[in-house]
Amino acid sequence: MNYLPEDMENALTGSQSSHASLREVHSINPTQLMARIESYEGREKKGISDVRRTFCLFVTFDLLFVTLLWIIELNVNGGIENTLEKEVVQYDYYSSYFDIFLLAVFRFKVLILAYAVCKLRHWWAIALTTAVTSAFLLAKVILSKLFSQGAFGYVLPIISFILAWIETWFLDFKVLPQEAEEENRLLIVQNASERAPLIPGGLSDGQFYSPPESEAEKYDCATDLKETPFDRTE
């Protein structure tokens, strides 16, 4: 007689655990998951992320800023035409600023080609441009006579060096980690949407309750519990 109540209790416990697992699954709102997936897919359709676009704008600013400083230097030292002929046509490594301008053009072309056109997701391109820029500027500062030509002898090499390293920091600590994090979020949301059932709005807790029993069902259940195996055989 004691086995029947224990079986009923085990059945009730199993049904409660299954209902709890269903509630955990349905607690994820499919509508919100689809909205998140559409937002991430919309970002991918743009072709380039916001943080990468900001990096490309900064690379462009690097080129324009160095160009502006070089033009100012040409104007200060006797006019653009005369100084341009002296620094470009009669190029001298020890006294010309033209190579610093070409160095900025080199950084711009490599970085835009790698991270805007090819959408590279590795640091080797920025490592190349920063290494070349640092080595060239250090050698030029040591061997050339820029310091004897006024303030631009200090400004142009220092500005180029700082901008190159800011680009490296921005790509390595902002662009690549943020894009990797967005990809991981997209994968998590897609996996969750595949596991979640396709029921709009999910299910409420009230949908897991059974309908109330009638008086006849209660009477039949009580009668079955009072009967013994011997009564049933008779």
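User: How many aromatic pairs does a search of the whole structure find?

Analyst: A pair of aromatic rings is described by the distance of the centres and the angle of the planes. Rings of Phe, Tyr and Trp (its six-membered ring) pair if their centres lie within 6.5 Å; planes under 30 degrees apart count as stacked, over 60 as edge-to-face, and the rest as tilted. This is a predicted model, where local features need pLDDT of at least 70, side-chain atom pairs count only at pLDDT 80 or more, and totals for chains, interfaces and linings use all residues. Numbering runs from 1 along each chain as its sequence is written, and side-chain values use heavy atoms, with hydrogens and water left out. The search of the whole structure finds 12 aromatic pairs. One of them joins Phe55 and Phe170, stacked at 6.3 Å centre to centre with 5° between the planes.

User: Which parts does the pair of Phe55 and Phe170 tie together?

Analyst: Secondary structure comes first. Helices (H or I, at least four residues) and strands (E, at least two) are DSSP runs, numbered from the N terminus. Phe55 lies in helix H3 and Phe170 in helix H7, so the pair ties together parts 115 residues apart in sequence.

User: Is Phe55 buried or exposed?

Analyst: Buried means under 20%, exposed over 50%, partly exposed in between (1.4 Å probe, protein chains only). Phe55 counts as buried because its relative accessibility is 0%. Now take another stacked pair. Phe61 and Phe65 stand 5.5 Å apart, centre to centre, with 15° between the planes. Both lie in helix H3, 4 residues apart, about one turn of the helix. Phe61 is partly exposed at 41%, and Phe65 is partly exposed at 27%.

User: Which residues do ring pairs link into a cluster?

Analyst: Follow the rings from pair to pair. Here Phe55, Tyr115, Trp169, Phe170 and Phe173 are linked into a cluster.

User: How many salt bridges does the structure hold?

Analyst: The criterion is a side-chain nitrogen of Lys or Arg within 4 Å of a carboxyl oxygen of Asp or Glu. The structure holds 6 salt bridges. In one of them, the side chains of Lys140 and Asp99 meet at 2.7 Å, N to O. This pair links distant parts of the chain: Lys140 sits in helix H6 (residues 124-143), Asp99 in helix H5 (residues 98-117), 41 residues apart.

User: Are Lys140 and Asp99 buried or exposed?

Analyst: Lys140 is buried, with a relative accessible area of 1%. Asp99 is buried too, at 7%.

User: Where does Lys140 lie relative to Tyr93?

Analyst: Look for a charge over a ring: NZ of Lys or CZ of Arg within 6 Å of the ring centre and within 35 degrees of the ring normal. Lys140 lies over the face of Tyr93, 4.6 Å from the ring centre.

User: Which residue forms a salt bridge with Glu183?

Analyst: Arg121 does, with the closest N and O atoms 1.7 Å apart. Again, distant parts of the chain are linked: Glu183 is in helix H7 (residues 152-195), Arg121 in the loop between H5 and H6, 62 residues apart. Glu183 is partly exposed, with a relative accessible area of 35%. Arg121 is exposed, at 54%.

User: How many residues apart are Arg185 and Glu181?

Analyst: They are 4 residues apart, both in helix H7, about one turn of the helix. Arg185 forms a salt bridge with Glu181, the closest N and O atoms being 2.7 Å apart. Arg185 is partly exposed at 42%, and Glu181 is partly exposed at 41%.

User: Which residues is Thr133 in contact with, leaving aside its neighbours within four places in sequence?

Analyst: Contact means heavy atoms within 4.5 Å. With those neighbours set aside, Thr133 touches Leu103, Arg107, Ser160 and Ala164. Thr133 is placed in helix H6. Its relative accessibility is 0%, so Thr133 counts as buried.

User: Where is Gly47 placed?

Analyst: Gly47 is in the loop between helix H2 (30-45) and helix H3 (50-76). Its relative accessible area is 26%, partly exposed. The C-alpha atoms of Gly47 and Lys119 are separated by 8.8 Å, although the two residues are 72 apart along the chain.

User: How many disulfides does the structure hold?

Analyst: A disulfide is a covalent bond between the sulfur atoms of two cysteines. The cut-off is a pair of sulfur atoms within 2.5 Å. The structure holds 0 disulfides. Cys56 is buried, with a relative accessible area of 9%, whereas Cys118 is exposed, at 55%.
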